[in-house]
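Try each one yourself before reading the solution.

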Amino acid sequence: MQSAARSTYSVIPARAGIRIEKATIVRHLGLAGFVPTYQAMRRFTDARGTTTPDELWVLGHPPVYTVGIAGREEHFPRESAIPLERIDRGGQITYHGPGQAIVYTLVDLARRGLTVRGMVSLIEQSVVEVLGTHGMGAERRNGAPGVYVGGAKIAALGLRVRRGCCYHGIALNVDMDLAPFSAIDPCGYPGLAVTQTRAHGVLANATEMGDELARRIARLIEDK
């Protein structure tokens, strides 16, 4: 397991001749249905131009399993009334539900001069830093995107890149029912333990943690 206390972000030369709009727009969407939000992210990415400001969407979802493009059925729930949606991010299956802080990162990587690996590192670093402000030590695992505390996964990450721009993002477990994770192999890992911030004594709710996380991501993007 690799500590994420220090990190450098992989960068590439910013798109020539394009002025970078530093200010990142943070939108708070509350509890939002997954499918319409997913469709909205795709529309935003398809419609954006070279000077469209980057946006971070802070929200939560009603209960839903989402499966990335590499998802395999052996990791799916055996029996569940929770809907399952196949989507275009990387990775396997995960669960979203109330009490989780989700930040979708709609960022022009080419304009910012970020590689995909660099963006993943930046998002993970933001989680590590936010958890650190609440007295929690967090780590990464090589080859397993996301953030872990004491060997248990506390934040799942997945991105999709189209035309040099990314969407999807990070889901941080805050104060939620973790039982639906036990019906799946989280992120494709059988028996992977999951945890949440409330279990570690953090009293901030999902809305507060989502806002902290979005602001930290925005700062790292803009100060890169």
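**Exercise 1.** Is Asp54 buried or exposed? Then find its salt-bridge partner and say which parts of the chain the pair joins.

*Solution.* Keep in mind that this model is predicted. Start with accessibility: Asp54 has a relative accessible area of 0%, and buried means under 20%, so Asp54 is buried. Next, look for the partner: Asp54 forms a salt bridge with Arg111, at 3.3 Å from N to O. Arg111 sits in helix α2 and Asp54 in the loop between α1 and β3, so the bridge ties together parts 57 residues apart in sequence. Arg111 is buried too, with a relative accessible area of 0%. Finally, widen the view: Arg48, Asp54, Arg111 and Arg112 are linked in a network of salt bridges.

**Exercise 2.** Which residue forms a salt bridge with Arg140? Describe the setting of the pair.

*Solution.* The partner is Glu124, with the closest N and O atoms 3.1 Å apart. Arg140 belongs to strand β8 and Glu124 to helix α3, 16 residues apart. Both are buried: Arg140 has a relative accessible area of 11% and Glu124 one of 7%.

**Exercise 3.** At what angle do helices α3 and α4 pack? Classify the arrangement.

*Solution.* The angle is about 130°, and the axes are 9 Å apart. Angles over 145 degrees would count as roughly antiparallel and 65 to 115 as roughly perpendicular, so α3 and α4 are oblique to each other. The crossing is right-handed. Among the residues in contact are Leu122 and Val130 of α3 and Leu213 and Ile217 of α4. By class, this contact has 10 nonpolar, 3 polar and 4 charged residues.

Methods
Residues numbered from 1 in each chain as written. Predicted model: local features only at pLDDT ≥ 70, side-chain atom pairs only at ≥ 80, totals over all residues. Heavy atoms only, no water. Axes fitted to C-alpha atoms, helices over the stretch in contact; angles between N-to-C directions. Helix = DSSP H or I, 4+ residues; strand = E, 2+ residues; numbered from the N terminus. Parallel < 35°, antiparallel > 145°, perpendicular 65-115°, else oblique. Left-handed = near helix turned anticlockwise from the far one by under 90°. Contact = heavy atoms within 4.5 Å. Nonpolar A, V, L, I, M, F, W, Y, C, P; charged D, E, K, R; others polar. Salt bridge = Lys/Arg side-chain N within 4 Å of Asp/Glu carboxyl O. Buried < 20%, exposed > 50% of the residue type's maximum accessible area, 1.4 Å probe, protein only.
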